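Keep the sequence and the 3D view side by side.

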Amino acid sequence: MNFLTRIFSPVLLIFSLLILSFIIYKSEIVLVGSQRDYYFKFYLLVLLLIFFSILSFFFKRIIKTYLIIIFISFFVSIYVFEYYLIKFSPEINHQNSELQIKKKIYTETTGKKWDTRSQYQVYRDLLKNNSDVVPYYYPSEINIDGIKIHSLSGVSNSLTVFCNENGYFSINQSDRYGFNNPDEEWDSGNIEYVFVGDSFTHGYCVNRPNDIPSVVRKLSNKSVLNLGYGRNGPLIEYATLREYLPQNSKKIIFMYYGGNDLDNLNDELNKNILNKYTQDLNFNQNLKNIQNNIDKIKRKNILVRSKGENYKFLKLKKLRNYFKNKTLGFRKSKKNNQIYKFDIFENILILIKNLSIQNKSEFYFVYLHSKRYFDSNSAESPDLKYFDKIRSIAEKLNIKFIDIHKEVFEKEKNPKELFPFGMYGHYNHEGYKKVAEVIYNFTKN
């Protein structure tokens, strides 16, 4: 122990400086400062560690002994807990149980084996033969040459790996702006439909042309643009229309997801750039013209994330997600009617309606219920509590309202058949198709 107490302070200081060097390398060299805001908290933590390391040179031997015992106990404990979360946590057991059922059904119905790879494993495998492959990269803030922007789409002109709920990973070719469309749709001088929404609009976990906008494109034999993207909320969707809506598009289809759109809106209101779209009707990031720069930054970030996937255990990914989810769960448990900004949500709908009027477009509001809407024990979910409130706002503004639960799921003997293997998630092929048919029939005249 005497030897350990002697080397404790020098080793801790060297370790702290190495971490600082690594953070600087990742933030400023690899990512060229594009994620500086993200790394700021790590800078603060490591500077505190360096300060503590210097201070420790003046500690008595007995204090250093106690610190060594505490440090060793702490690190052993957190990695044991990380291993538990990976192998034995109730969440993992539940996921494994569901996955075994899905695998069995998938093999029996298709004769194929379920793809057990992770998203980044699929990405790395495809990258061996195609350099234009990327994993899904949701809209986020990034820095381009020291200027912060908020991207509203993915990487353009790339084979994009999404998710696996049906036994295979959905993989779609992105268009010139990073959305899930055949690129030639942008060349049409007569756009019939423009969809905005989140992952359900984007077409999660199915390949094109099984997503909702693609089905409508086939039914109508008209040009349809899908501007949906996963994790989007109402404010991002309005911003997306401001940046990408083609002139004289005939119909704007606003896809609202009752499961988390109000939560997403609360998060989006913390983004200064997104708020500018409601504060200044002339504000524009000119995203179409800087797509190449956006792609370069995102590809660098993807490479860093891909390498980081190899060190998930060392980086305590499960443990960090565990505490993140616990924090989110605590915050959500505190929510009440006053938390959600219904006045701001209404203002966003007014702005989209005004935009549709200026663009000579018809405006439709499509309400998608969450899986919790089907569960009798989920009366406290935002979907159940606020459906009537959301519908009344749309109706007050004279926006045409489509209730997908009423038009699709109430007419099904077993609504679960429209979800993968009868388990709630995103829709399966048949689910997306039936929702698209209702939207098309409601809007075609």
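This is a predicted model: local features need pLDDT of at least 70, side-chain atom pairs count only at pLDDT 80 or more; totals for chains, interfaces and linings use all residues.

Start with helix H8, which spans residues 234-244. H8 is mostly covered, with 11 of its 11 residues buried.

Now turn to helix pairs. Two packed helices are described by the angle between their axes and the distance between those axes. Take H1 and H2. Helix H1 covers residues 2-30, and helix H2 covers residues 36-56. Their axes come within 9 Å and cross at roughly 165 degrees. Angles over 145 degrees count as roughly antiparallel, so H1 is roughly antiparallel to H2. The crossing of H1 past H2 is left-handed. Where H1 contacts H2, the residues divide into 17 nonpolar, 5 polar and 3 charged.

The second pair is H7 and H16. Helix H7 runs over residues 212-220, and helix H16 over residues 429-443. The axes of H7 and H16 come within 8 Å and cross at roughly 55 degrees. H7 and H16 are therefore oblique to each other. The crossing of H7 and H16 is right-handed. Which residues of H7 meet H16? They are Ile212, Val215, Val216, Leu219 and Ser220. On the H16 side, the partners are Tyr432, Lys433, Val435, Ala436, Glu437, Ile439 and Tyr440. By class, this contact of H7 with H16 has 9 nonpolar, 1 polar and 2 charged residues.

Next come the charges. Side chains of opposite charge can pair when their charged atoms come close. How many salt bridges does a search of the whole structure find? The search finds 17.

Look at Glu192 and Lys251. They form a salt bridge, with the closest N and O atoms 2.5 Å apart. Glu192 lies in strand E6 (residues 191-196) and Lys251 in strand E8 (residues 251-257), so this pair ties together parts that are 59 residues apart in sequence. Is Glu192 buried or exposed? Glu192 has 7% relative accessibility, so it counts as buried. Lys251, at 4% relative accessibility, counts as buried too.

Glu362 and Lys400 form another salt bridge, with the closest N and O atoms 3.1 Å apart. This pair also links distant parts of the chain. Glu362 sits in strand E9 (residues 362-368) and Lys400 in strand E10 (residues 400-403), 38 residues apart. Glu362 has 30% relative accessibility, so it counts as partly exposed. Lys400 is partly exposed as well, with a relative accessible area of 39%.

Finally, go to Asp115 and Arg117. Their side chains meet in a salt bridge, 2.8 Å from N to O. Buried means under 20% relative accessible area. Asp115 has 18% relative accessibility and therefore counts as buried. Arg117, at 33% relative accessibility, counts as partly exposed. What else is linked with Asp115 and Arg117 in a network of salt bridges? Asp125 and Lys128 belong to that network.

Key:
Residues are numbered from 1 along each chain as its sequence is written. Side-chain values use heavy atoms; hydrogens and water are left out. Axes are lines fitted to C-alpha atoms, for helices over the stretch in contact, and angles run from 0 to 180 degrees between N-to-C directions. Helices (H or I, at least four residues) and strands (E, at least two) are DSSP runs, numbered from the N terminus. Angles under 35 degrees count as roughly parallel, over 145 as roughly antiparallel, 65 to 115 as roughly perpendicular and the rest as oblique. A crossing is left-handed if the near helix is turned anticlockwise from the far one by less than a right angle, and right-handed if clockwise. Ala, Val, Leu, Ile, Met, Phe, Trp, Tyr, Cys and Pro count as nonpolar, Asp, Glu, Lys and Arg as charged, and the others, Gly among them, as polar. Contact means heavy atoms within 4.5 Å. Buried means under 20% relative accessible area, exposed over 50%, partly exposed in between (1.4 Å probe, protein chains only). A salt bridge is a side-chain nitrogen of Lys or Arg within 4 Å of a carboxyl oxygen of Asp or Glu.
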